[in-house]
Amino acid sequence: MTPSQKRALAELWPKYGCEFSTTPLEFKKLFGRDAPVVLEIGFGNGDTLVEQAAMSPDIDFLGIEVHEPGVGHCLIAANDASLENLRLIVHDAIEVLDVQVPPASLRRINLYFPDPWPKKRHHKRRIVQPRFIGLCADKLEPGGAIHIATDWANYAEHIDEAFADAGQFRLAERREHDGERPLARPMTKFERRGLRRGHRIFDWRFVKIDL
């Protein structure tokens, strides 16, 4: 962690940070207004998250990340952009979804380039599993969507299969491209890295089915 990132965590966390708690969040109180909320899971260094928040001031954004240097980077970028519609949580995303995010409270969930865990024996560590899909369905408002992107073909197959077996979502759009057709999102650092490795990019938008 750089000195500036350490300083950001100390000085800017009170403005943008949200501590983990088993008490469900009140988004109106957290953001000081009533607006749609978008959750980004694993925002990395936060560049994409900050860009989206700056482009959509009428939407509130909540980011979850456990890598503190990335959180520090994001805090600096958010402050430089004078954002008022961004809050961050440093904690395990599954636990935050499970106990801290209220039911039917999110307009959209973004999961961009999650850890692919490419070795077969590690596939069970992938975040896209039935429990995760169920949590997303519970936390999204009616008609809400989850956007996913990966540059690993094997993970793309896993995502296709996982959502095909889940009855809570319908596939609204799927794209396979070489970086030129991101689906309603900016290009990310991990996307550029994947493209340099010769990987193709996979994008999905799954919409919650109102049962």
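Q: What is a polar contact here?
A: A polar contact is a pair of N or O atoms within 3.5 Å; within protein, one atom must be able to donate a hydrogen and the other to accept it, and residues adjacent in sequence count only if both atoms are side-chain atoms. This is a predicted model, in which local features need pLDDT of at least 70, side-chain atom pairs count only at pLDDT 80 or more, and totals for chains, interfaces and linings use all residues. Residues are numbered from 1 along each chain as its sequence is written, and side-chain values use heavy atoms, with hydrogens and water left out.

Q: Which side chain has a polar contact with that of Asp 203?
A: The side chain of Arg 185 does, at 2.8 Å.

Q: And where is Asp 203, buried or exposed?
A: Asp 203 lies in strand E7 (residues 201-208); strands (E, at least two residues) and helices (H or I, at least four) are DSSP runs numbered from the N terminus. Asp 203 is buried, with a relative accessible area of 1%; buried means under 20%, exposed over 50% and partly exposed in between (1.4 Å probe, protein chains only).

Q: What is Asp 203 in contact with, leaving aside neighbours within four places in sequence?
A: Its contacts (heavy atoms within 4.5 Å) include Ile 148, Glu 173, His 177 and Arg 185.

Q: Changing topic, which way do the residues of E2 point?
A: From strand E2 (residues 60-64), Asp 60, Leu 62 and Ile 64 point one way and Phe 61 and Gly 63 the other, and all are buried. In a regular strand the side chains alternate between the two faces of the sheet.

Q: How many bridges join E2 to E3?
A: Four bridges join them, and the two strands run parallel; pairing requires at least two DSSP bridges. Leu 62 has Arg 87 of E3 as its bridge partner, while Gly 63 stands opposite Leu 88.

Q: What about E1 and E2?
A: Strand E1 (residues 37-41) pairs with E2 in the parallel sense over five bridges. The chain crosses from E1 through helix H4 (residues 47-55) to E2 in a right-handed β-α-β crossover. Right-handed means that, with the strands pointing away from the viewer, the path from the first strand over the helix to the second runs clockwise.
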